[in-house]
Amino acid sequence: MRMIEVEDVTKSFTVRRRTGRFRRSRARVRAVDGVSFGVEPGEFVGYLGPNGAGKSTTIKMLTGILTPSTGTVRVCGLDPSRQRTALARRLGVVFGQRTTLWWDLPLRDSLTLVRHLYRVEAAAFRSRLAELTALLELGPFLDTPVRQLSLGQRMRGDLAAALLHDPRVLVLDEPTIGLDVVSKATVRGFLERLNTERGTTVLLTTHDLGDIERLCRRVMIVDHGRLAYDGGLAGLRDVVGADRQLVVDLARPAPPITLPGVEAVRVDGPRQWLRLPREANAAAVVAAVAERHEVVDIALRETDIEELVTRLYGRARDDRAPSR
Ligand SMILES: Nc1ncnc2c1ncn2[C@@H]1O[C@H](COP(=O)(O)OP(=O)(O)OP(=O)(O)O)[C@@H](O)[C@H]1O
């Protein structure tokens with residue numbers, strides 16, 4: 001059974017717009033527009049898109065907070081909006097922007113309350129709490145009130161709360177937002193282990209491409225409510241048609257290097273940046289450059305993921321421009 005199944009789902013909202021000084025009209029906004037995808041057990045999937053693309057709306061439909069306007073959603077075989085209580089036992093949810101913990105209670109007491117909400121047995125709770133405390137390094141602040149925790153500590157506490165009942169699927173909305181480098185690394189390392197060692201299925205929305213590169217074997221990119229891409233990171237390079245760059249350090253400054261199919265896109269003293277088409281044989285280009293010039297150092301760079309995603313967002317917009 002697939003862990004998540006989304007079939008031709010749309011979600012529209014009615015919004016009121018000012019159309020004149022005293023006039024308002026109602027308009028329908030399609031936040032999610034015909035999205036379909038499936039997630040298999042044990043997958044780790046990234047859900048990316050610019051602001052307002054429809055990510056949070058999708059997550060809310062997966063967790064049962066919102067009901068789709070049309071189409072069907074199944075998580076662990078259940079209809080989230082109709083079987084929310086049954087689903088809660090199989091699903092963990094973390095929203096980076098808000099906490100599910102009680103501000104005035106020490107973290108330990110908050111987690112005990114969560115234990116009762118999910119009806120986790122005392123023995124299972126003890127061993128699970130001990131395990132999560134070790135993995136997320138909660139020990140030093142288990143007895144601190146939640147309001148006194150740093151953002152990174154609170155996020156680790158929220159992860160523990162979402163996972164106390166050992167759900168099969170974990171849905172995360174921006175779990176690393178605002179975290180410093182060390183906290184990010186802890187959270188990412190934890191999620192990676194959860195997925196590889198426990199087999200928990202994870203769906204993650206983020207604007208942080210570092211999260212995606214570190215964790216996700218598959219990415220879905222949504223733009224204007226539609227899926228613009230669904231596949232591996234390597235495939236994204238092919239879809240966007242990304243070039244590679246050869247950075248060449250010569251012994252001394254020289255005019256821009258020209259070779260068939262290769263273009264010097266930047267020259268800075270003895271350093272030149274050459275654009276290689278994807279199909280070019282990098283070894284042959286390196287040999288040709290070395291034959292003509294005295295080369296001190298050479299590096300081959302793939303277009304980074306930030307650039308790929310920016311290009312894909314731009315392309316999705318260009319595709320739609322004529323119909324708007
Ligand atoms: N309750 C609502 N009522 C009206 N419009 C809404 C509502 N919720 C979302 N929208 C609109 O739906 C669209 C998608 O919003 P959504 O929050 O899903 O985007 P997002 O991809 O999560 O963005 P971000 O990265 O900024 O969180 C936006 O145009 C938003 O204004």
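Modeller: Let us begin with the term helix: a helix here is a DSSP run of at least four residues, numbered from the N terminus. Val285 lies in one of these, helix H9, which covers residues 282-292. Please keep in mind throughout that this is a predicted model.

Colleague: Is Val285 buried or exposed, and why?

Modeller: A residue counts as buried if 20 or more other C-beta atoms lie within 10 Å of its own. Val285 is buried because 22 other C-beta atoms fall within 10 Å.

Colleague: Which residues does Val285 touch, beyond those up to four places away in sequence?

Modeller: Val285 touches Leu246, Leu259, Val262, Leu276 and Ala280. Of these, consider Val262: Val262 and Val285 are 23 residues apart in sequence, yet the C-alpha to C-alpha separation is 8.2 Å.

Colleague: For contrast, what is the setting of Arg17?

Modeller: Arg17 counts as exposed because it has 10 C-beta neighbours inside 10 Å. Arg17 lies in strand E1 and, leaving aside neighbours within four places in sequence, is in contact with Arg24, Ser25 and Ala27. Arg128, by comparison, is 111 residues from Arg17 in sequence and 50 Å from it in space, C-alpha to C-alpha.

Colleague: How should I read backbone angles, and where is phi positive in a residue other than glycine?

Modeller: One case is Asp8, with phi near 45°. Asp8 is found in strand E1 and is exposed, with 11 other C-beta atoms within 10 Å. A second case is Glu174, where phi is near 55°. Glu174 sits in the loop between strand E6 (169-173) and helix H6 (181-198), and its 19 other C-beta atoms within 10 Å make it partly exposed.

Colleague: How does one judge the span of a helix, and what does H4 show?

Modeller: The expected span is 1.5 Å times one less than the number of residues. Helix H4, residues 122-135, has 14 residues and reaches 20 Å from its first C-alpha to its last, close to the 20 Å expected.

Colleague: What can be said of the chain as a whole?

Modeller: The protein chain has 10 helices and 13 strands, and its C-alpha trace spans about 75 × 55 × 45 Å along the principal axes. Of its 324 residues, 34% are buried. Among contacts between residues at least 6 apart in sequence, 68% join residues at least 24 apart.

Colleague: How is the chain divided into domains?

Modeller: The division gives domain 1 (39-70 + 77-238) and domain 2 (243-302), with 44 Å between their centres, taken over C-alpha atoms. Separately, an unreviewed UniProt entry carries the annotation "domain: ABC transporter" for residues 4-249. Over residues 4-249 the chain is 35% helix and 30% strand, and the end C-alpha atoms are 50 Å apart.

Conventions
Residues numbered from 1 in each chain as written. Predicted model: local features only at pLDDT ≥ 70, side-chain atom pairs only at ≥ 80, totals over all residues. UniProt positions renumbered as here; feature names shortened; annotations may be inferred. Helix = DSSP H or I, 4+ residues; strand = E, 2+ residues; numbered from the N terminus. Buried ≥ 20, exposed ≤ 12 C-beta atoms within 10 Å, placed from the backbone. Contact = placed C-beta atoms within 7 Å. Domains from an automatic or database assignment.
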